[in-house]
Amino acid sequence: MFRMWGKIWKENHLLKDIVIECEDPALNRTRKVYYCLDEICYAFDLGKPIWLEQNKKEFILHDKVRFYGDSFIESVDFDYLELQVIEEDY
């Protein structure tokens, strides 16, 4: 099972969080990440963030990424959206 934790932070306080699971064995890791991101954004009523080069590097190194306001097309009322892989099937 693949699980991703999505968290919205503002002024060092956790405002919202959710854990999304993806159990589709036909999907590769990248597609599972995008599936979970889509579900997290839907649950938080957010537009999808833009993956900047720094976001990609951070996620590859740490299985964790932060999307700040400049990653979103519309303005957001939080400091950042954090995604973290918490369980991964190999």
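Visitor: Which ring does the charged end of K7 sit over?

Guide: The ring of W5: the charged end of K7 is 3.8 Å from its centre. Keep in mind as we go that this is a predicted model.

Visitor: How many aromatic pairs does a search of the whole structure find?

Guide: Six aromatic pairs turn up. To read one, look at the angle between the ring planes: under 30 degrees counts as stacked, and over 60 as edge-to-face. Take W9 and Y80: their planes are at 25 degrees, so this pair is stacked, with ring centres 6.2 Å apart.

Visitor: Where do W9 and Y80 lie?

Guide: W9 belongs to strand β1 (residues 2–10) and Y80 to strand β4 (residues 80–87), so their pairing ties together parts 71 residues apart in sequence.

Visitor: Is Y80 buried or exposed?

Guide: Buried means under 20% relative accessible area. Y80 has 10% relative accessibility, so it counts as buried.

Visitor: What kind of pair do Y34 and W51 form?

Guide: Here the planes stand at 80 degrees, so the pair is edge-to-face; the ring centres of Y34 and W51 are 6.0 Å apart. This pair also links distant parts of the chain, 17 residues apart: Y34 is in helix α1 (residues 29–44), while W51 is in the loop between α1 and α2 (53–62).

Visitor: Which residues do ring pairs link into a cluster with Y34 and W51?

Guide: F59 and F67 join Y34 and W51 in that cluster.

Key: Residues numbered from 1 in each chain as written. Predicted model: local features only at pLDDT ≥ 70, side-chain atom pairs only at ≥ 80, totals over all residues. Heavy atoms only, no water. Phe/Tyr/Trp six-rings, centres within 6.5 Å; stacked < 30°, edge-to-face > 60°. Helix = DSSP H or I, 4+ residues; strand = E, 2+ residues; numbered from the N terminus. Buried < 20%, exposed > 50% of the residue type's maximum accessible area, 1.4 Å probe, protein only. Lys NZ or Arg CZ within 6 Å of the ring centre and 35° of its normal.
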